[in-house]
Amino acid sequence: MQTLNRKNFPGAQYPTRIIQFGEGNFLRAFVDWQIDLLNAHSDLAAGVTVIRPIDRQVDYTLNHQDGLYTALIRGLNAQGEVVSEPRLIRSINREIQPYRQFDEFIALAQDAHIRFMFSNTTEAGIAFNADDRLEDRPARSFPGKVAQLLWARWQHFSGAADKGWIILPCELIDNNGDTLRELVLRYAGCWQLPADFSAWVKQHNIFCNTLVDRIVPGYPVAEAEALFAELGYRDPMLVAGEVFYQFVIQGPRQVADELRLSALPLNVRLVEDIKPWKEQKVAILNGAHTAMVPVAWLSGLSTVGEAMDDNRIAHFINVMLREEVIPTLDLPAEDLHRFADAVLGRFRNPFIRHQLSSIALNSMTKFRTRLLPQLLTGYQQNGRWPTRITFALAALLAYYRGERDGERYPLQDDARWLDRFATLWSQQTQGAISMPQLVATVLSDEQHWGSDLSQQPGLVEAVTQHLQNITAHGMRAALPQ
């Protein structure tokens with residue numbers, strides 16, 4: 001079996017025009033995969049130099065494979081057919097470890113060809129570290145490293161207007177581009193850098209807010225040897241991802257032009273306001289997960305796939321999305337239903353076993369952010385509480401009882417909620433409080449919900465009725481038709 005490198009597998013290689021903070025599975029199955037396609041179908045000709053943002057010694061990197069690796073895209077396509085498509089990715093040139101190769105790291109700032117920066121340093125990565133100094137080799141934080149690079153570039157090119165970068169962070173936080181820019185400017189102030197530098201950062205660098213979406217399970221351990229036999233080479237950096245992907249970029253038309261997006265029909269959208277797209281993903285994809293977990297789990301199921309194979313639960317989720325979630329969102333209905341179709345198809349991906357228990361983490365907060373806006377907006381629109389979202393809320397309360405078919409299961413949430421539910425369900429079981437009182441106590445928590453939901457007309461009654469049906473007859477029997 002052959003070794004994967006550019007000698008054994010010659011092909012296109014491109015000059016570095018992209019810096020990428022992060023070497024993980026997601027960026028390689030999302031950004032680098034898309035760049036590889038654009039390189040193959042346009043004159044983008046952009047190679048990627050990867051920067052490992054964390055000081056961690058590893059035995060094996062992409063450098064051992066000359067930057068080559070395999071992206072295995074598999075799942076259900078738009079026609080519902082099972083597909084499995086390996087692609088040898090040639091977009092990455094090398095990795096740099098800035099803690100050991102600081103001079104090479106800074107040299108990237110002095111390369112006139114580099115135009116783009118992507119990143120995924122986790123949600124905690126875009127943060128300020130007051131201990132970072134300009135003289136550090138490098139700064140510990142990701143924004144501190146970006147500030148060091150931009151400062152070096154500004155100096156090297158004497159603040160030239162055409163030497164700014166297009167910066168597209170992929171971290172899953174709101175306004176990721178705006179936040180990164182503000183932290184870079186904060187470092188500039190703390191390090192007492194010239195005002196002209198800060199003005200150059202603001203005027204000649206484009207920081208884009210982005211929304212990224214693709215499930216990337218990563219390295220398929222159980223299937224690796226069989227896959228290597230099919231490919232004809234070993235690839236310890238192989239990464240598996242689902243078929244669906246979506247990249248939403250809030251930025252000027254210039255970004256699409258420079259990335260040559262018109263050359264290929266990728267699922268990349270350039271928008272003026274990213275908020276409606278974020279709301280679509282949170283409410284439809286994440287909201288469906290949040291509603292599904294307690295309903296499917298208390299119906300005796302363990303995975304998302306099993307839930308979608310269950311006709312009654314799949315129908316429940318589908319109707320909730322179509323009739324109660326989509327009407328509350330501010331995008332064209334056709335786009336929203338198309339996204340819902342894709343989500344339901346993703347849930348049926350036979351290559352991914354998504355455990356309900358893993359999605360259940362911090363479900364109280366997830367309901368507040370993902371489905372509470374739809375619950376309240378639905379009531380405002382129709383003068384009645386959405387049946388399936390209120391049922392999902394009742395199912396969530398039942399889930400926090402922590403018992404299925406007479407057996408206890410672990411709950412994962414803030415200790416405050418775990419302690420509170422343990423007390424409330426114990427009191428209800430012993431007859432110390434009624435079911436309506438339990439519901440009202442949970443809904444009245446202003447600290448969690450942002451307001452006293454128990455004061456919303458008829459909401460306690462609607463949730464209580466569902467909860468009583470669930471506890472009396474079981475989840476499956478209580479499901480709305």
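Trainee: Which element gives the largest share of the lining of the largest cavity?
Mentor: That is H2, which supplies four residues, where helices (H or I, at least four residues) and strands (E, at least two) are DSSP runs numbered from the N terminus. This is a predicted model, in which local features need pLDDT of at least 70 and side-chain atom pairs count only at pLDDT 80 or more, while totals for chains, interfaces and linings use all residues. Residues are numbered from 1 along each chain as its sequence is written, and side-chain values use heavy atoms, with hydrogens and water left out.

Trainee: And what volume does the largest cavity have?
Mentor: About 80 Å³, with a cavity being a set of points on a 1 Å grid over the protein atoms alone where a 1.4 Å probe fits but cannot get out, and lining residues having an atom within 4 Å of a point. The volume is the space filled by probe spheres set on the points, which are joined across faces, edges and corners.

Trainee: Which residues line the largest cavity?
Mentor: Among them are Val31, Gln34, Ile35, Leu38, Phe118 and Phe247, and by class the lining has ten nonpolar, one polar and no charged residues.

Notes:
1 Å grid on protein atoms, 1.4 Å probe; cavity = no way out; pocket = protein on both sides within 12 Å on 5 of 7 lines; lining within 4 Å. Nonpolar A, V, L, I, M, F, W, Y, C, P; charged D, E, K, R; others polar.
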